[in-house]
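Q: I have this one open on my screen and would like to talk through how it is put together. Can you take me through it?

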Amino acid sequence: MTAAMAFTWPEFDTKQTLDVGRSWTAAFDSYDQYRELCYYRVTVFDGERPTGDFMVEVGTESVRDNEWGTATFAADLHDRIASVAAT
């Protein structure tokens, strides 16, 4: 019998740059395994001032079993969240 590997959803709690003066952070909220969707609570900042707070839904249907927890998986989540935060 093999032990299941522990998996921790990536957190983006350090401000990520959007453009001059704007940034975002994202905290994992939940995962819907049936629909293969994960949810992150995103906060957008203008300088140090928070200007928006919303949920982002990210599809995980294309993730292969051996990709969970890899740097590639985290980078893909980052890019997909960033694209929504930029809007």
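Q: Which strands does helix 1 lie across?
A: Helix 1 lies across strand 1, strand 2, strand 3 and strand 4, and runs at about 125° to strand 4, where axes are lines fitted to C-alpha atoms, for helices over the stretch in contact, and angles run from 0 to 180 degrees between N-to-C directions. Helices (H or I, at least four residues) and strands (E, at least two) are DSSP runs, numbered from the N terminus.

Q: What should I keep in mind about the source?
A: This is a predicted model, in which local features need pLDDT of at least 70 and side-chain atom pairs count only at pLDDT 80 or more, while totals for chains, interfaces and linings use all residues. Residues are numbered from 1 along each chain as its sequence is written, and side-chain values use heavy atoms, with hydrogens and water left out.

Q: Which residues of helix 1 are buried?
A: Phe73, Leu77, Ile81, Ala82 and Ala85 are buried in helix 1, buried meaning under 20% relative accessible area, exposed over 50% and partly exposed in between (1.4 Å probe, protein chains only). They cover an arc of only 165° around the axis, which puts them on the same side of helix 1; the arc is that of the directions from the helix axis to the C-beta atoms. On the other side of helix 1, Ala71 and Thr72 are exposed.

Q: And what do the buried ones pack against?
A: The buried residues of helix 1 pack against strand 1, strand 2 (22-32), strand 3 (37-46) and strand 4 (49-59), with contact meaning heavy atoms within 4.5 Å.

Q: Why does alanine 85 count as buried?
A: Alanine 85 counts as buried because its relative accessibility is 4%. Alanine 85 touches Leu18, Trp24, Val42, Val44 and Phe54, leaving aside residues up to four places away in sequence.

Q: Switching to the sheet, what is the strand order?
A: The 4 strands form an open sheet in the order 1-2-3-4, with antiparallel pairing, and two strands pair if DSSP finds at least two bridges between them. Strand 1 and strand 4 are the edge strands, each pairing on one side only. Strand 3 and strand 4 pair in the antiparallel sense over 10 bridges.

Q: Where does glutamine 16 sit, and what does its side chain reach?
A: Glutamine 16 is in strand 1 (residues 12-19), and its side chain reaches the backbone oxygen of threonine 14 at 2.7 Å. Glutamine 16 also touches Arg22, Ser23, Trp24 and His78, not counting residues up to four places away in sequence.

Methods. Polar contact = N/O pair within 3.5 Å; in protein donor to acceptor, adjacent residues only side chain to side chain.
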